[in-house]
Amino acid sequence: MELLEETAHEILSGDDPWAALLESGLALVGVPEEAGGSGGTLADAAAVLRAAGHRAAAVPLAETGWLAGRLLAEAGLPVPRGALTAASGDVEADGRTLSGTLRRVPWARSAGRLVVLAGGFVAVVDPAAARITEGANVAGEPRDDVELAGVRAEAVAPCAVDAAELRRRGALARAVQLTGAMGRALDLSVRYAGEREQFGRPLGRFQAVQQMLAGLAGEATVADVAVRAAVRAPDDPVAVAAAKANASRAAGAVAAIAHQVHGALGATGEHVLRTVTTRLWSWRDEYGNETEWADDLGASAAAAPDPWAFITGP
């Protein structure tokens with residue numbers, strides 16, 4: 001695992017990380033080899049995804065392997081090379097013909113293939129056959145609307161995954177990315193506080209700044225613990241909901257503290273902190289924000305035979 005993380009960080013720090021991720025096979029870690037993936041566990045995939053979040057890398061890593069690649073493998077369809085993305089929405093399927101609209105699909109304009117979940121089936125679509133209206137999140141990453149008007153899918157197969165499960169998978173992927181980005185925000189803030197001097201001494205020597213850094217570290221650590229637990233139990237909807245709720249809530253606090261420590265410097269467009277915090281602000285809302293997942297947890301607790309045991313149990 002340590003070697004995998006080191007390799008991912010080395011690749012993601014390069015000039016063309018996406019090409020290198022594809023060439024090395026890291027884009028499809030966690031997807032079975034027999035389907036065309038690189039093999040490995042979901043924990044392995046999370047290590048690579050966490051590194052991408054730490055680097056604030058503008059790459060469709062979560063979409064290609066974690067979401068689309070796994071869907072195709074579970075449906076018994078081969079995983080094509082290149083960038084992929086997956087989505088579900090208001091789409092009707094008549095055999096291989098798809099009609100409907102998919103909203104804010106990550107990296108749709110850049111994907112070689114769209115993997116669409118509709119009515120118990122997975123369909124593979126060439127994005128050139130769809131009408132794509134370009135959009136973006138706060139970080140500038142593509143979030144496009146895709147209109148399918150009688151588009152014929154290249155392949156279709158039954159799949160047991162439903163829209164709710166795809167949303168949970170997306171939420172866990174974003175939670176992993178958030179923890180990586182929060183770790184980077186902490187690293188940047190600690191380094192800046194140690195280098196920047198005010199009144200003749202480093203910022204990090206002031207008690208108020210130390211308290212802020214301690215709060216940032218605490219938020220990032222608590223979120224990371226919850227997310228790692230969910231990666232070990234990805235089929236547990238409670239664990240995933242808790243992980244995304246925790247990570248999304250912590251992301252806002254981490255971004256605020258990091259910018260307080262950096263002052264105006266960290267708010268400039270060319271500063272690396274800005275690339276990190278814009279992703280924190282974007283990813284915290286994608287596939288459900290903290291309020292939505294907290295509501296989900298509350299509903300599950302209320303429906304449990306013993307709500308107290310549900311809240312305090314393992």
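Helix H3 is mostly covered, with 12 of its 13 residues buried (buried means under 20% relative accessible area, exposed over 50% and partly exposed in between, with a 1.4 Å probe and protein chains only). The model is a predicted one, so to speak for reading with its cut-offs: local features need pLDDT of at least 70, side-chain atom pairs count only at pLDDT 80 or more, and totals for chains, interfaces and linings use all residues. Residues are numbered from 1 along each chain as its sequence is written, and side-chain values use heavy atoms, leaving out hydrogens and water.

Helices (H or I, at least four residues) and strands (E, at least two) are DSSP runs, numbered from the N terminus. The buried residues of H3 include Leu42, Asp44, Arg50 and His54. Among what covers them are helix H1 (2-12), helix H4 (61-74), helix H5 (163-195), helix H6 (207-232) and helix H8 (272-283). As for length, H3 takes in residues 42-54, and at 1.5 Å a residue its 13 residues should span 18 Å; the end C-alpha atoms are 18 Å apart, which agrees (the expected span is 1.5 Å times one less than the number of residues). Just after H3, alanine 56 takes a positive phi of about 50°.

Now to the sheet. It is open, has 4 strands in the order S1-S4-S5-S8, and its pairing is mixed (two strands pair if DSSP finds at least two bridges between them). S1 and strand S8 (155-158) stand at the edges with a single partner strand each, so one side of each is left without a neighbour in the sheet. On average, neighbouring strands are turned by 20° against each other, direction ignored (axes are lines fitted to C-alpha atoms, for helices over the stretch in contact, and angles run from 0 to 180 degrees between N-to-C directions).

Strand S4 (residues 113-118) has 5 of its 6 residues buried. With strand S1 (residues 84-88), S4 pairs in the parallel sense over 5 bridges, and valine 116 of S4 is the bridge partner of alanine 87. S4 runs antiparallel to strand S5 (residues 121-125), again through 5 bridges, with valine 115 opposite valine 124 of S5. The hairpin of S4 and S5 has 2 residues between the strands, and glycine 119 there takes a positive phi near 60°. S5 and S8 pair antiparallel over 4 bridges; alanine 123 has valine 156 in S8 as its bridge partner. H4 lies across S1, S4 and S5, at about 65° to S1 (contact means heavy atoms within 4.5 Å).
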